[in-house]
Amino acid sequence: MSLSTCESPLHFMPSSTPDASALTHCADRRFRVHTRAYTDPGIFADEMKKVFGKTWIYVGHDSEVPAVGDFKTSHVGLQPVVIARGVDDAINVFVNRCVHRGAVVCREARGNAQEFACPYHGWIYGTDGKLIAVSERREPGGYSPDFDAPEGLFRLPRIDTYRGFIFASFNPDVPPLVDFLGHARTVIDRKLNLSPTGRIVLRSRPFVVRYQGNWKFQAENIVDAYHFLHTHKGFVQLQAKFGDSTGDFGVHKGGSIKAMRKLRFAGSTWNCQYGHGILENPANDVDGYLNGDFADFYQSLHAQHGAEELAWIAGKGAASIFPNLGLIHQQIRTWRPIAPDMTEVAIYPYELEGAPAAFNEGMLRSQERFYGPAGHGAADDVDIFARNQQGLAGDAVEWLILERGLDTDEPEGQDFRGLPASEAPQRALWREWNRLMSV
């Protein structure tokens, strides 16, 4: 396997402004990442420009802005943005910053508005971001008749959607979205095809948490099959003893630790072009779904997609879509970098349009059980991220090792397919990170 795009000397020479290309070493059957890629403030500042400023960023879902005037606030890296559905029904994404003196024009998470008024000096913008009015423009001491008024809020030059997922980019030359998503589209497709209509809906506000660690820990973790039985050992023991009786709803299958291990060490991992990491694990009990509590629901999906594809649709696929979007179980997860050692994560449980109400309810209860504020999983993960950051505070050991499964990854076009617990998905992130940061 050749990863020459991120080859660098293993010996790293410290400097006040490290060269990003020297922070990864992936040649000669080695894949190492330097500590400073997670900790250095200068590297973090470059990421905001070279990663979050140059590629597609997930900003929201169209079910969050279904009607004209609906809006949602979001971020592209450190840049606050507004997603709004304009009077022409088009989705607009613009920087949430008044062009006059820089104030954020919208602070609400979601809502509906005919216009956005800056609370500082009253400049008014439309739902397409265009400047509608400058307050007291002709009053004494106001603006001259030939005042060169700006067009409006800065509108991101590229906006596109894939099956309701809204992406935006500051880079006008970013590749087409469908090309960027590549193999990751199969995970989106299969998640959405669990709905009889092929649609999902985000109804509730997200569960939001901040952790004291780098944003890349979350991007790596959501597709890390290797950690589960260790990081979540307490939950694994609980699940082995009580199973679904405490509300898991079949999400974490396995009647014993041995059975859970067998299920988790099945399927494939993917290291994809443009930085996406994927876990694929098809269901091995399709007949059980077709004859279980939701037989009619699954039989309709069987008729629509066939037995082979239903196994994938009902399986446990997960994706880390570079750089800020995760899909796992019945949730959308996003992460927002705040500082080298501070990250905000938002978890959005979604409903499957057209699915039985009891199915959506059961999945929501499962989300609460594992990912919610009183759940088992999120607390374990954020503790690990903080431990990671704590461990990286020192410089006695420079390099992290991401070589699990490296010798068994197989190239498939621009992607690499790995065995079930390979670190192939984590290497995907660093392959694209190195490419963007080295430009």
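**Exercise 1.** In this predicted model, work out how the reach of helix H14 (residues 424-437) compares with the span expected at 1.5 Å a residue.

*Solution.* Start by counting: H14 has 14 residues. The expected span is 1.5 Å times one less than that number, which comes to 20 Å here. Now go from the first C-alpha of H14 to its last: you get 20 Å, close to what was expected.

**Exercise 2.** Describe how helix H2 (residues 41-50) packs against H14.

*Solution.* First, the geometry: the axes of H2 and H14 are 10 Å apart, and the angle is about 85°. Angles of 65 to 115 degrees count as roughly perpendicular, so that's the label for H2 and H14. Next, look at who meets whom: H2 brings Ile43, Asp46, Glu47 and Lys50, while H14 brings Trp433, Leu436 and Met437. Finally, sort the residues in this contact by class: four are nonpolar, three are charged and none is polar.

**Exercise 3.** Find where glycine 164 sits, and say whether it is buried or exposed.

*Solution.* Look between strand S11 (158-162) and strand S12 (165-169): glycine 164 is in the loop there. Its relative accessibility is 6%, so glycine 164 counts as buried. Leaving out residues up to four places away in sequence, glycine 164 touches Gly60, His61, Asp62 and Arg199.

How values were computed:
Residues numbered from 1 in each chain as written. Predicted model: local features only at pLDDT ≥ 70, side-chain atom pairs only at ≥ 80, totals over all residues. Heavy atoms only, no water. Helix = DSSP H or I, 4+ residues; strand = E, 2+ residues; numbered from the N terminus. Axes fitted to C-alpha atoms, helices over the stretch in contact; angles between N-to-C directions. Parallel < 35°, antiparallel > 145°, perpendicular 65-115°, else oblique. Contact = heavy atoms within 4.5 Å. Nonpolar A, V, L, I, M, F, W, Y, C, P; charged D, E, K, R; others polar. Buried < 20%, exposed > 50% of the residue type's maximum accessible area, 1.4 Å probe, protein only.
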